[in-house]
Amino acid sequence: MWSVFTLNRPLVWTGIAAMASMSLLPTLMLRLAALVMVIIGGMDAWRQIRQESTRRQLTEAALMLSPDGVLISNARNRIEAVNPAFTQITGYSDEEIRGLDPSVLSSGRHDKAFYENYWQSLNATGQWEGEVWNQRKHGDEFPEWLRVRAITDDKGVVTHYVGLFTDITRHKAREQDLQRIGFEDPLTGLPNRRRLHDLLASRLQRLRAGEELDIVLIDIDGFKAVNDAMGVDQGDRLLSRFGQRLAAFVAGGVVGRLGGDEFMVIRTTTYDDHEQWVEGLRGHLSEPFEIGDKPLRLGLTIGSCRAPDDGRDSGVLFQRLESALYAAKRHGRNYSQRFRPSLEVDGDPQLELLNELRQALAHGTQLELFYQAQYYLDDGRLAGMEALLRWYHPTHGMISPGTFIPLAERHGLMASLGDLVIDRACAQLATWRQQGLSCVPVWINISAVQLIQGDLESRLSASLSKHNVPAAMLGLALTESVLLDERAGDISTRLVALRGKGHPIAIDDFGTGYSSMAYLKELPVDKLKLDRAFVRALPDDSADAAITSAVLAMARGLGLDVIAEGVETQAQRDYLHSEGCSMVQGFFYARPERVTDVEKRLKDDLDISLS
Ligand code: C2E
Ligand code: MG
């Protein structure tokens, strides 16, 4: 059934010819010689039949064992045979399906054009490969990866089609998980910042005559103290109860978490009662929360605005809400502030900070690069270092990059700040190389804005050649959101060029955005950085553990390295190691450190490799 048996060996044909001519031969000797040839031909034919039969048995055994479904149909496209995996995946037994058209499996999800294209390609090239949604015998649909080949006879006429398919339901579910994670806050299950932007934009678009939007940004007063006093688990529980209570209050509205202890609420309304509504919300949330063994009453700082009065664009409204929230915070705790235009100009602490950042950039002295070591899990060797920017403010002390980088991005300073990082990292690499120290790459973070506004490529090459450092020593970490940002142009081509120059490329915060498998496969990427958010609750949190192993499996499939961020405990390290993660970064190993401290690590690593 699996192969066509043909007598294609010369000895067999010679034997047949000898048999046919035997009676015509004049002498006994010649007849005896012909008989010998008949016997030799017969033995060769027998050997061939045995070989064919063994080959057929082996092929059949392989197909029986194959986890992929196999389907063979004839030239009229009627099914002739299937293997056990086919039955397991589709629910149809060999007897049930034999003689039927493979279209009995069709789910109806694909249109006529899809099948036309399928047949066209199969007829023209003799093969087809792609994703197909089919239907099992009991009706549920499933995605499969299908490869089909047309089998032809000696004259090139199609005799059979052989289809091989893999059920990719689980792999799709992982993809969907990752997609969901891109839009959902994992702790509360509420929409995250990115999703809130979309929801606000769509509510604005669908506003009808007489309708307005009330929007609030709520910050829980002293949440850090709750976390410190009661532990992070209780803190998480409080945040999730808080989210639930908010959602119950604004049925029909939108409730989301922007991160940390910041929540956002949007409602569409025809009432002109903004202030009362905000106070109603505060009242509802002021009822005590039962966390731990005593009731906890929360103070709330609220910034609010109303659309379209305060703006029609979701980006502008977000900024205005933040200005209102800052104004409320400056006023003191447990206070609500509605946006008004003067807030944006007078005494906005953000604007003050921005001016100071401008000066810091001009002088350069308050800005410093710290380095955080990254290690291989297998042998504990140094794998690389991440350069992280620090700003020492003369009066506020150290300001987190989580605060000043977004500020620089919003107000056009990021390209210069990015240039400063590139130049400092290259200069540092050059010094270490002169001292015979560094042989691990330094990774710098690249902001979306650098790709969109700045001339990143030329800044990189200028700095590398100024300091005489090879591009392979300077890794570039880009967040998933950057990869999906259309404003960065054809990112894939740009990355190919950067990698072509020698830069290693990593995707930062992996798992927090949504990169489809198909897209990722196309990108020239060396490494994924698994986001801290998933590592934090390992190994006990089963959802995070599942995501971690899904990411690791996916990366393995794509031939990518994974580095886990935010490893703080031995248990996290052990779990990641057992799941096949190759590299780690986190406080368990090293905090971001000054150059002098990092140099000690570089020396130690050099000693290990020399010994
Ligand atoms: P990131 O790229 O995800 O950097 C890792 C952050 O995680 C760093 O925070 C680091 O200090 C912190 N971290 C590392 N290990 C642990 C751990 O075990 N536990 C915890 N809780 N945290 C850990 P940092 O330095 O505050 O930087 C925050 C973010 O600011 C960075 O996130 C990056 O997105 C941005 N950033 C920092 N420097 C630069 C820069 O030079 N350029 C750009 N574009 N962004 C930067
Ligand atoms: Mg990073």
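This briefing walks through the salt bridges and the ligand shell of the structure above. It's a predicted model, so local features need pLDDT of at least 70, side-chain atom pairs count only at pLDDT 80 or more, and totals for chains, interfaces and linings use all residues. Residues are numbered from 1 along each chain as its sequence is written, chains are lettered from A and ligands numbered from 1 in the order in which they are written, and side-chain values use heavy atoms, with hydrogens and water left out.

**Salt bridges**

- Side chains of opposite charge can pair when their charged atoms come close.
- There are 31 salt bridges here (each one a side-chain nitrogen of Lys or Arg within 4 Å of a carboxyl oxygen of Asp or Glu).
- Some of these charged residues join up: Glu-212, Asp-214, Arg-267, Asp-272, Asp-273 and Arg-306 form a network of salt bridges.

- Arg-109 and Glu-141 pair up at 2.8 Å, N to O. Arg-109 sits in the loop between helix H4 (94-97) and helix H5 (112-125), and Glu-141 in strand S4 (residues 141-152), so this bridge ties together parts 32 residues apart in sequence. (Helices, H or I with at least four residues, and strands, E with at least two, are DSSP runs numbered from the N terminus.)
- Arg-193 bridges to Glu-322, with their closest N and O atoms 3.7 Å apart. That connects helix H7 (residues 193-205) with helix H11 (residues 314-331), and the two residues are 129 apart.
- Glu-322 is buried at 16% relative accessibility, while Arg-193 is partly exposed at 34%. (Buried means under 20% relative accessible area, exposed over 50%, and partly exposed in between, with a 1.4 Å probe and protein chains only.)
- Arg-594 and Glu-368 come within a salt bridge too, their closest N and O atoms being 3.1 Å apart. The loop between strand S21 (583-585) and helix H24 (595-610) holds Arg-594, and strand S13 (residues 367-376) holds Glu-368, so parts 226 residues apart in sequence get tied together.

**Around ligand 1**

- Ligand 1 has 21 residues around it, and the closest are Gln-372, Arg-390, Arg-532, Glu-568 and Phe-587 (a residue counts as near if one of its heavy atoms lies within 4 Å).
- A polar side-chain atom of Glu-568 is 2.4 Å from a nitrogen atom of ligand 1, and one of Arg-532 is 2.5 Å from an oxygen atom of the ligand.
- Strand S14 gives the largest share of the shell, four residues.
- By type, the shell splits into nine nonpolar, five polar and seven charged residues.

How values were computed: Polar contact = N/O pair within 3.5 Å; in protein donor to acceptor, adjacent residues only side chain to side chain. Nonpolar A, V, L, I, M, F, W, Y, C, P; charged D, E, K, R; others polar.
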